[in-house]
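Visitor: Could you take me through this structure feature by feature, giving the general idea of each and then the case at hand?

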Amino acid sequence: MSEAVASTVVRVAVDAPQHSGLNAPLDYASEQALASGTLVRVPLGKRELLGVVWPGEALGEPAVALRPVAAVFAGLRPLGADWCRLLDFAAGYYQRSVGELASAVLPPQLRELSPDQLAARLRKLEKKKAGAAASTPVKPELAPEQAEAVARIQAQLAAAAPKPQLLFGVTGSGKTEVYLRAAEAALAAGRQVLVLVPEINLTPQLEARFTERFAALLPQPLAIVSLHSALTPAQRLQNWLAAHLGQARLVLGTRLAVFASLPDLGLIVVDEEHDPSYKQQDGARYSARDLAVWRAHDLKVPVVLGSATPSLESWQHAESGRYERLTLAARIGGGALPRVKLFDMKALPATAGVTTALTAPLLAELKARLERGEQSLVFLNRRGYAPVLHCGECQWKSDCPHCSAWRVFHKRDRTLRCHHCGFTERVPSACPNCGNHDIAPIGRGTERLEEQLAEALPGARVLRIDADSTRRKGELEAQLQAVHDGEVDILVGTQMITKGHDFRRIRFVAAVNPDGALFSSDFRAPERLFALLMQAGGRAGRDAAGESPSEMWVQTWHRDHALYQALARHDYVRFAKTQLDERRSASLPPFSHLALLRAEARTAEAAKAFLDAAAGLLQDDGVLIYPPVPHAVARVADVERMQMLVEAGQRGRLQAFLRAWVPALIALKRERPEFRAVLRWAVDVDPLAI
Ligand SMILES: Nc1ncnc2c1ncn2[C@@H]1O[C@H](COP(=O)(O)OP(=O)(O)OP(=O)(O)O)[C@@H](O)[C@H]1O
Ligand SMILES: [Zn+2]
């Protein structure tokens with residue numbers, strides 16, 4: 001610069017490491033005043049990082065010691081005050097620094113680009129051409145319940161302070177059509193719409209439906225975009241920029257999209273709002289659903305949470321009147337929900353059946369469906385061939401040397417793979433312990449089920465869809481298409497295929513081994529199992545025109561269990577009531593508020609010592625700290641994991657406690673040499689898995 005300019009101080013949110021204790025935005029010198037929300041690059045230590053000029057007063061006078069801002073993304077409009085408020089809230093609530101969170105949720109490519117390179121990207125955006133002219137879509141006539149729900153969402157769109165709405169609609173009741181109409185109303189009012197879905201694999205289907213509906217209404221390029229982690233960095237930046245500039249009117253995305261910059265946001269939809277994937281499982285462990293509700297409240301715009309099996313948190317809010325409940329009790333076209341058959345495994349003669357999972361009666365049922373030309377789905381929530389390989393001579397089992405877990409046998413590529421740390425070896429031809437050649441798989445995963453089905457039902461076209469079968473780009477779409485096109489008789493898969501897909505041909509769904517979750521120590525396990533089975537069953541009989549009644553077959557050793565009894569009646573309401581009663585009397589969420597402190601070290605003792613010391617740091621009689629316990633999978637990649645539960649009756653009380661506790665934890669780790677052995681620690685607010 002040729003002229004000397006009086007420098008001013010700006011606050012910049014930048015990703016400083018937690019142990020540095022630099023949690024608040026940092027002060028930098030700038031030659032010009034910079035609007036808050038401006039993207040900049042600033043030096044930190046030896047590095048230069050992306051930062052955001054943050055609202056609020058800088059701390060002091062311009063001082064010589066302040067380092068200057070290195071570069072300003074002047075060509076990009078600043079992030080809005082509402083975006084900064086959202087990040088401030090989320091960082092505070094989930095106990096992270098705002099700089100870390102900003103850096104985690106902005107498109108990764110922004111970190112690599114110079115202002116000139118970004119300017120080039122912006123020019124490219126402007127030159128994007130619109131797609132071919134689309135024809136006006138045909139909209140189905142709304143069913144009465146749908147029309148009522150749409151009207152009530154429209155009322156909230158016009159309200160000064162809209163209430164969150166819970167769209168409680170059974171599987172196949174046409175929730176998506178309600179979202180489409182609500183979105184249409186918001187778009188017509190000139191607002192942007194954000195639609196969140198739990199899984200990346202649901203975005204192509206949803207994107208297709210929204211594009212089909214709105215391509216004529218929104219002919220501009222990039223008017224409908226998606227945001228999720230499977231996009232290339234360049235696509236993700238492009239779509240993010242389109243949203244930020246207001247060019248994108250409709251944004252579909254997974255949890256990270258809740259942080260999209262949307263200057264005209266007027267409606268948020270959270271589909272399958274109960275889904276655990278909305279909770280981020282590392283870094284800032286935020287709940288995108290909860291942040292969507294916060295963001296909508298902050299902006300005074302409506303938020304619609306949709307589910308056939310709402311989270312008990314949301315259900316309780318509907319019961320108490322904090323949320324408005326919209327109910328779709330009937331399936332579209334008057335189709336019935338599948339009849340649920342609880343197949344009692346105890347009633348089986350000891351020798352019958354091909355295997356314990358593929359019982360003879362189940363095979364007979366599948367065969368009958370096959371002969372009628374109907375599609376069936378067999379659901380098993382475990383991938384791989386068998387969860388463990390076993391030597392009958394010496395009792396060796398394929399454990400992982402680095403984790404407290406078995407390595408899963410994958411037959412197709414002849415590997416033993418740890419699903420926790422990724423450690424992979426070729427399957428040994430003999431027992432590595434005693435040399436016995438007779439090592440055998442125990443139990444079954446989807447790969448084995450697929451093989452056994454193909455053997456037991458010759459000629460049947462069996463297709464497996466799970467994380468292993470869909471690794472390569474485009475595979476999942478192709479496989480789903482084959483199912484839709486009727487090229488598959490029996491679909492085998494994990495929970496990946498139970499959610500959201502609008503399969504029209506499936507009339508029979510079997511859950512072959514669902515009991516595992518019944519006796520979990522995690523108090524949310526029943527809620528998750530119930531939702532999963534309702535969802536799975538919901539894939540059957542979506543087309544009312546089928547000749548035979550649709551059915552869900554549940555193989556269980558505990559058919560009298562209250563969960564299955566409620567499932568058999570499709571009675572979410574009753575199930576929710578029993579669960580909420582139990583939670584109330586045990587003071588569990590939503591009637592109390594939890595956080596977990598996790599610590600990882602090479603030894604369990606070191607992790608426990610840290611948690612014990614942490615428990616002694618701060619006393620609050622409104623907050624209860626439980627003793628440290630090992631994580632359900634205690635050792636992963638040679639690291640021992642311990643955790644400690646913190647409980648409070650009031651959310652505010654827990655938040656106040658954490659605000660004081662977290663800085664004390666940072667100091668504890670930094671200042672006490674004995675805790676150097678602790679590799680990582682983290683606070684998880686509102687943890688989902690316990
Ligand atoms: N009013 C309508 N008239 C005719 N068809 C409709 C109508 N509304 C929805 N549909 C169709 O009904 C089917 C089921 O709708 P949709 O997939 O939205 O159900 P859903 O409630 O989201 O179910 P799930 O919870 O199982 O995902 C879709 O094929 C959809 O196109
Ligand atoms: Zn491992």
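This is a predicted model: local features need pLDDT of at least 70, side-chain atom pairs count only at pLDDT 80 or more; totals for chains, interfaces and linings use all residues.

Visitor: Which residues come nearest to ligand 1, and how is its shell made up by class?

Guide: A residue is near a molecule if its C-beta atom, placed from the backbone, lies within 6 Å of it; of the 19 residues around ligand 1, Pro140, Thr171, Gly174, Lys175 and Thr176 come nearest. Counting Ala, Val, Leu, Ile, Met, Phe, Trp, Tyr, Cys and Pro as nonpolar, Asp, Glu, Lys and Arg as charged, and the others, Gly among them, as polar, the shell has 5 nonpolar, 9 polar and 5 charged residues. Helix α5 (residues 175-188) provides the largest share of this shell, 3 residues, helices being DSSP runs of H or I with at least four residues and strands runs of E with at least two, numbered from the N terminus.

Visitor: Which residues have the most contacts inside the largest nonpolar core?

Guide: A nonpolar core is a set of buried Ala, Val, Leu, Ile, Met, Phe, Trp, Tyr and Cys residues joined through C-beta atoms within 7 Å, where buried requires 20 or more other C-beta atoms within 10 Å of a residue's own, exposed 12 or fewer, and partly exposed a count in between, with C-beta atoms placed from the backbone. The largest core has 166 residues, and those with the most contacts inside it are Val12, Ala182, Leu194, Leu196, Val251, Ala292 and Val378. Helix α13 (residues 525-537) gives the most to this core, with 7 residues, and a second, separate core of 14 residues includes Ala386, Cys391, Phe409 and Cys431.

Visitor: Is Thr424 buried, partly exposed or exposed?

Guide: Thr424, which has its place in strand β18 (residues 424-426), has 13 C-beta neighbours inside 10 Å and therefore counts as partly exposed. Not counting residues up to four places away in sequence, Thr424 touches Thr415, Leu416 and Arg417, a contact being a pair of C-beta atoms, placed from the backbone, within 7 Å.

Key. Residues are numbered from 1 along each chain as its sequence is written. Chains are lettered from A and ligands numbered from 1 in the order in which they are written. Two residues are in contact if their C-beta atoms, placed from the backbone, lie within 7 Å.
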